[in-house]
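Please consult the sequence and the structure shown below while reading.

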Amino acid sequence: MVETAQEQTVPKHIAIIMDGNGRWAQEKGLPRTAGHKAGGENIRPVLEHAKARGVKYVTLFAFSAENWNRPKPEVKYLLDLFRKYLFGDIKELQKEKVRVSFIGSREKFSSDLVERMREIERETEQYDDFHVVLALSYGGRQDLIEAVKRIALDIREHKYLISAIDEEKINDSLSTHGIPYPDLVIRTSGEQRISNFLLWEMAYAELYFTPIYWPDFNEQDLDIAIEAFGRRNRRFGGLK
């Protein structure tokens with residue numbers, strides 16, 4: 001099979017695993033919560049720079065399904081940060097006509113947070129210049145399991161045959177349906193794993209790992225990641 005390279009200097013969709021908040025704080029002699037606060041404050045400048053560079057989609061891994069197992073005080077602090085962000089800070093993105101959506105299970109969130117998520121999605125769904133996706137209580141395996149359940153239910157209800165299951169059917173059953181696959185996945189903090197993030201979606205993504213902790217990851221660091229992406233000869237094994 002002949003492989004063809006795709007010329008693309010700026011990724012259309014960047015997904016970021018925002019890692020290292022706790023270690024950033026501990027190395028400074030601060031509580032882990034200080035790292036989460038600093039990490040939250042770092043989101044907006046990075047998003048603004050991504051938009052300025054011509055990126056159309058950014059997906060942020062903000063809270064994994066496994067993060068619920070962290071110490072209760074830390075989880076409570078993170079939830080309080082989400083509440084502050086969803087009821088306050090995110091309004092600035094809305095003013096800038098940024099579309100915002102959420103992926104992940106909403107079962108464990110309080111009813112007011114769930115309603116706020118829905119409200120934000122409704123209020124911004126008409127914007128198409130820049131799209132921010134927040135992964136909250138998200139896990140790639142869990143999302144695939146839910147997709148299989150949806151497909152099984154459709155088959156049981158005779159909506160289509162098993163033979164009709166293809167990539168498009170699976171895409172449409174995932175929480176990321178309607179969002180293009182990520183071109184570039186960035187993980188901060190030096191860890192080199194994907195941690196159950198967008199398992200289906202990143203099949204052909206370029207991976208970029210940096211030792212910089214998320215609170216210190218700035219606009220210049222994003223430029224470096226984008227430039228590294230632009231130097232890669234992207235091959236898809238015949239896929240486009």
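In this predicted model, β4 and β5 run parallel and are joined by five bridges. Within this pairing, F102 stands opposite L134 of β5.

**Strands around β5**
- β5 also runs parallel to β3, to which seven bridges join it.
- V58 has V132 of β5 as its opposite residue.
- β5 is mostly covered, with eight of its eight residues buried.
- A left-handed β-α-β unit is made by β4, helix α5 (residues 111-124) and β5.

**Largest pocket**
- The largest pocket holds about 880 Å³ of space.
- Its lining comprises 37 residues, and those nearest the centre are M18, N21, H36, A62 and L78.
- At least two lining residues come from each of α1 (21-27), α2 (32-41), α3 (43-52), β3 (57-64), α4 (72-95) and β5 (131-138).
- With nine residues, α4 gives the largest share of this lining.
- By residue class, the lining consists of 17 nonpolar, nine polar and eleven charged residues.

**Second largest pocket**
- The volume of the second largest pocket is about 660 Å³.
- This pocket is lined by 28 residues, of which I103, G104, S105, D143 and S175 are the closest to its centre.
- Two or more lining residues are given by each of β4 (99-103), β5, α6 (140-156) and α7 (167-173).
- The lining of the second largest pocket divides into eight nonpolar, eleven polar and nine charged residues.

Definitions and conventions: Residues numbered from 1 in each chain as written. Predicted model: local features only at pLDDT ≥ 70, side-chain atom pairs only at ≥ 80, totals over all residues. Heavy atoms only, no water. 1 Å grid on protein atoms, 1.4 Å probe; cavity = no way out; pocket = protein on both sides within 12 Å on 5 of 7 lines; lining within 4 Å. Points joined across faces, edges and corners; volume = space filled by probe spheres on them. Helix = DSSP H or I, 4+ residues; strand = E, 2+ residues; numbered from the N terminus. Nonpolar A, V, L, I, M, F, W, Y, C, P; charged D, E, K, R; others polar. Buried < 20%, exposed > 50% of the residue type's maximum accessible area, 1.4 Å probe, protein only. Pairing = 2+ DSSP bridges. Right-handed = clockwise from strand over helix to strand, strands pointing away.
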